[in-house]
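Please look over the sequence and the model shown here.

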2 protein chains.
Amino acid sequence: MTMNFLEERIQRDGIVKEGNVLKVDSFLNHQMDVTLFRQMGEEWKRRFADVTITKILTIEASGIGIACVASEYFNVPVVFAKKSKSINIEGDMYIAQVESFTHKNINQVIVSKKFLSSDDHVLIIDDFLANGCALQGLISIVSQAGASVAGIGIAVEKGFQSGGQIIRNLGYRLESLAIVDGMDAATGQITFRDQN
Amino acid sequence: MTMNFLEERIQRDGIVKEGNVLKVDSFLNHQMDVTLFRQMGEEWKRRFADVTITKILTIEASGIGIACVASEYFNVPVVFAKKSKSINIEGDMYIAQVESFTHKNINQVIVSKKFLSSDDHVLIIDDFLANGCALQGLISIVSQAGASVAGIGIAVEKGFQSGGQIIRNLGYRLESLAIVDGMDAATGQITFRDQN
């Protein structure tokens, strides 16, 4: 198979750790390669070219940079969901419960009702999809707003966890730019799903 | 005085609340107007045109979008500091203690040592500057790395709090795009410092 730009980058700079941990913190979720983010935005725009999108929704923290740069290809505002109640947020809010696979805790995911309405066609963007709890929370919030999920753009999906399959089973249009089907911490080998 | 693009936007869409709270969540730190972020990036590029910058450093969550979009004018990677220890971060880290004015709590601010070195000339970018504790933590991290602070770009500075003055007293080059010198919750009036 031919690797796309993101799969090539993961193969080159991603680090596989024991316990199915894939570290991409040198370019995706700690240090951020914004030139790569532009390529990702361009690719999502190509894949969602036929879809009406009025707003992009993501979740703090590592989704925000990707969503903002990607939004330059869609020319719509970005809203990021917050993971805990802030004293700067007041008034009516959409709230969903999210359990983090990474941190093993439960967060409230919050979006102000001002920023999502029933007229919105929402593209959800995030950096990672594993068991999909964060994504399920974002879908719940779009649903609470009476808006529609126009599509879901994920950078890296862990294909050996159930999140992506559940979302596809539910009928959502999910475009993951790289789907990791397997990792070997001993050899550093990463196997990507062929999407061609 | 003539207002610049950001002051005009704050005047139009910012909401003044009791207790010197300025809500800019419709365009800056919850819903995000990426077109505005591009203007901010362009303006920082103009103000820091004579400065060598190799990396942009910001802090999660609301600094990330601004920093990523601004970085497109500087063509350097962005690193965001994390506010709590993540199990996905391991190995050597720079750590600073930060007390949040907004949340009244103390966070550890963390950056992996891999992503800042003594060769770096760092532009620090954040959305808000009030008492400056977050910013002091970021400066501490740059210092721990042996890197230099090339400049500091802030979107909205609360000029009636001490953070900005302390940073300027210390000799840092601080460019705040809007400095709020006063707010009146009763009338909604916002007074900006004349920077011309």
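## A pocket

Which helix of chain B gives the most to the lining of the second largest pocket? Helix α2 (residues 34-47) of chain B does, with three residues. Helices (H or I, at least four residues) and strands (E, at least two) are DSSP runs, numbered from the N terminus. A pocket is found on a 1 Å grid over the protein atoms alone, as an open set of points where a 1.4 Å probe fits, with protein on both sides within 12 Å along at least five of seven lines; lining residues have an atom within 4 Å of a point.

This is a predicted model, in which local features need pLDDT of at least 70 and side-chain atom pairs count only at pLDDT 80 or more, while totals for chains, interfaces and linings use all residues; side-chain values use heavy atoms, without hydrogens and water. Residues are numbered from 1 along each chain as its sequence is written, and chains are lettered from A and ligands numbered from 1 in the order in which they are written.

The second largest pocket holds about 180 Å³ of space. Among its lining residues are B:Met1, B:Glu43, B:Arg46, B:Arg47 and B:Asp194. The lining divides into two nonpolar, four polar and five charged residues.

## A sheet with strands from both chains

An open sheet of seven strands, with mixed pairing, runs in the order β3(A)-β5(B)-β4(B)-β8(B)-β9(B)-β10(B)-β11(B). Strands β3 (31-32) of chain A and β11 (189-192) of chain B stand at the edges with a single partner strand each, so one side of each has no neighbour in the sheet. Two strands pair if DSSP finds at least two bridges between them. Strands β4 (residues 55-59) and β5 (residues 78-81) of chain B run parallel and are joined by four bridges. Here B:Ile59 stands opposite B:Ala81 in β5(B).

Helix α3 (residues 62-71) of chain B packs on the sheet and touches β3 of chain A as well as β4, β5 and β8 of chain B (contact: heavy atoms within 4.5 Å).

## The other sheet

Another open sheet of seven strands has the order β11(A)-β10(A)-β9(A)-β8(A)-β4(A)-β5(A)-β3(B). Two bridges join β5 (residues 78-81) of chain A to β3(B), and these strands run antiparallel. A:Val78 stands opposite B:Met32 in β3(B).

## How the chains meet

Of the interface residues of chain A, 100% are also interface residues in chain B, so the copies meet through the same surface.

Technical notes:
Grid points are joined across faces, edges and corners, and a volume is the space filled by probe spheres set on the points. Ala, Val, Leu, Ile, Met, Phe, Trp, Tyr, Cys and Pro count as nonpolar, Asp, Glu, Lys and Arg as charged, and the others, Gly among them, as polar. Axes are lines fitted to C-alpha atoms, for helices over the stretch in contact, and angles run from 0 to 180 degrees between N-to-C directions.
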